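Subject: Structure handover, with notes on its cavities and pockets

Dear colleague,

Please find below the structure that I am handing over to you. My notes on what was found in it follow directly after.

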Amino acid sequence: MRILSGIQPTGRPHLGNYFGMMQPAIGLQHEGEAFYFIADYHALTTIHDPVVLRDHCRELALDFLACGLDPARATFFRQSHVPEVTELAWLLSCVTPVPMLENAHSFKDKTARGFVPSTGLFTYPVLMAADILIYDSDVVPVGQDQKQHLEMTRDIAAKFNARYGQDLLKLPKPMIREASAAVPGLDGQKMSKSYNNTVPLFEEEKPLRKKIMGLKTDSVGVDEPKDPDASSIVQFYKLVASETEVAAMEASFRAGGYGYGHYKQQLFDALWEHFRPARERRTALAADPAYLDSILAEGAAKARPLAQSVMQRVRAACGL
Ligand code: TYM
């Protein structure tokens with residue numbers, strides 16, 4: 001089984017990125033041949049400063065490694081270190097109908113918020129399809145917001161195969177973990193950098209506490225019973241606490257007697273502890289920039305020949 005996923009270096013990764021993709025991807029590295037990359041070509045649709053882009057790429061690589069990505073198991077690289085992917089994106093764009101791209105949620109969402117779209121933003125899903133198809137990927141661990149992109153990838157691959165030969169490109173499957181498919185943000189909408197409602201993974205202690213303490217709650221009094229199913233505190237707690245701990249918090253909600261501040265403190269402690277080992281690994285990794293460069297270079301050296309062999313097959317089939 002070949003597993004592949006990517007993440008954009010558009011700023012500090014948040015709890016949604018972690019529980020929706022990074023944690024499942026790290027778990028899957030033990031179950032097959034894993035390829036994980038930093039989607040720096042995609043980030044050019046929003047990040048326009050080269051210094052910032054390079055910096056985000058390094059920081060994100062550190063984050064992913066600190067969280068447990070094991071370079072001995074997973075091939076870890078920068079998307080742009082395998083430039084063949086842009087060639088495949090062009091070939092795929094020639095079978096992709098414009099209305100399919102016009103229908104993309106993320107495109108509609110960005111334009112609705114007043115973003116003037118570049119051609120790159122419009123064809124973003126085609127490059128994403130190329131990312132996946134160029135490695136003959138079987139499964140792609142992602143959050144719910146990428147589901148439509150995966151459907152488009154399958155459609156594009158099917159159209160390409162219909163034109164140039166059955167089984168030329170492998171149709172991948174999304175792998176979406178139900179429990180963390182769409183982690184909510186501080187305001188209850190989906191957690192997203194573009195909504196300014198995130199909790200970064202490696203947030204400092206003080207701002208993290210402030211964010212958790214600021215979670216929106218209803219006005220039910222201290223002594224009254226509270227509904228755990230309607231609470232974002234419980235929703236977040238489920239991501240980091242054991243089943244027993246969650247059951248205890250839910251029972252305490254129903255019983256009443258504590259204010260929301262009490263549960264927010266519990267949530268903060270659980271989050272802080274959950275990421276403690278990763279925080280420590282991150283500090284150690286950050287002290288050795290040469291190690292980081294060597295991991296990404298080795299990853300690209302493993303990924304690129306694979307992409308090149310798929311491209312050879314594809315170019316021949318197209319008559320190039
Ligand atoms: P990106 O960088 O926006 O997000 C990385 C991953 O995090 C997931 N995610 C979430 N999951 C649960 N709850 C949330 N609130 C939440 N927010 C983000 C995303 O679903 C994603 O899995 N287009 C991709 C990057 C990409 C890619 C690819 C992914 C480029 N090429 C090929 C897979 C395969 C993106 O922008 O993800």
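I begin with the second largest cavity, whose lining consists of Ala104, Ser106, Phe107, Leu121, Tyr124, Pro125 and His149. A cavity here is a set of points, on a 1 Å grid over the protein atoms alone, where a 1.4 Å probe fits but cannot get out, whereas a pocket is an open set with protein on both sides within 12 Å along at least five of seven lines, and a lining residue has an atom within 4 Å of a point.

Please bear in mind that this is a predicted model, in which local features need pLDDT of at least 70 and side-chain atom pairs count only at pLDDT 80 or more, while totals for chains, interfaces and linings use all residues. Residues are numbered from 1 along each chain as its sequence is written, and side-chain values use heavy atoms, with hydrogens and water left out.

The volume of this second largest cavity is about 30 Å³, a volume being the space filled by probe spheres set on the grid points, which are joined across faces, edges and corners. Helix H6 (105–112) and helix H8 (124–133) each contribute at least two residues to its lining; helices (H or I, at least four residues) and strands (E, at least two) are DSSP runs, numbered from the N terminus. Sorted by class, the lining has five nonpolar, two polar and no charged residues, where Ala, Val, Leu, Ile, Met, Phe, Trp, Tyr, Cys and Pro count as nonpolar, Asp, Glu, Lys and Arg as charged, and the others, Gly among them, as polar.

In total there are two cavities of 30 Å³ or more. The largest cavity holds about 50 Å³ of space, and its lining is made up of Leu15, Val199, Pro200, Leu201, Glu203, Leu208, Leu271, Trp272, Phe275 and Arg279. That lining comprises eight nonpolar, no polar and two charged residues.

Turning to the open spaces, the largest pocket has a volume of about 1200 Å³. Its lining counts 47 residues, and those that lie nearest its centre are Gln8, Tyr124, Asp145, Gln146 and Lys190. Two or more lining residues come from each of strand S1 (2–7), helix H1 (15–28), H6, H8 and helix H9 (147–164). By class, the lining of the largest pocket divides into 18 nonpolar, 21 polar and eight charged residues.

The lining of the second largest pocket has eight nonpolar, seven polar and no charged residues.

H8 deserves a separate note, since ten of its ten residues are buried, buried meaning under 20% relative accessible area, exposed over 50%, and partly exposed in between (1.4 Å probe, protein chains only). The buried residues of H8 include Tyr124, Pro125 and Leu127.

For the chain as a whole, the secondary structure comes to 15 helices and five strands. The radius of gyration is 21 Å, close to the 20 Å that the globule rule gives for 320 residues, so the chain is as compact as a globular protein of that length; the radius is taken over C-alpha atoms, and the rule is 2.2 Å times the number of residues to the power 0.38. Of the 320 residues, 49% count as buried. Among contacts (heavy atoms within 4.5 Å) with a separation of 6 or more, 79% are between residues 24 or more positions apart.

Two single residues complete these notes. Ala278 sits in helix H14 (residues 276–286) and counts as buried at 6% relative accessibility; beyond its neighbours within four places in sequence, Ala278 is in contact with Ala66, Cys67 and Phe202. Glu250, which belongs to helix H12 (residues 243–255), also counts as buried, at 16% relative accessibility, and, leaving out residues up to four places away in sequence, Glu250 touches Pro228, Val234 and Lys238.

With best regards
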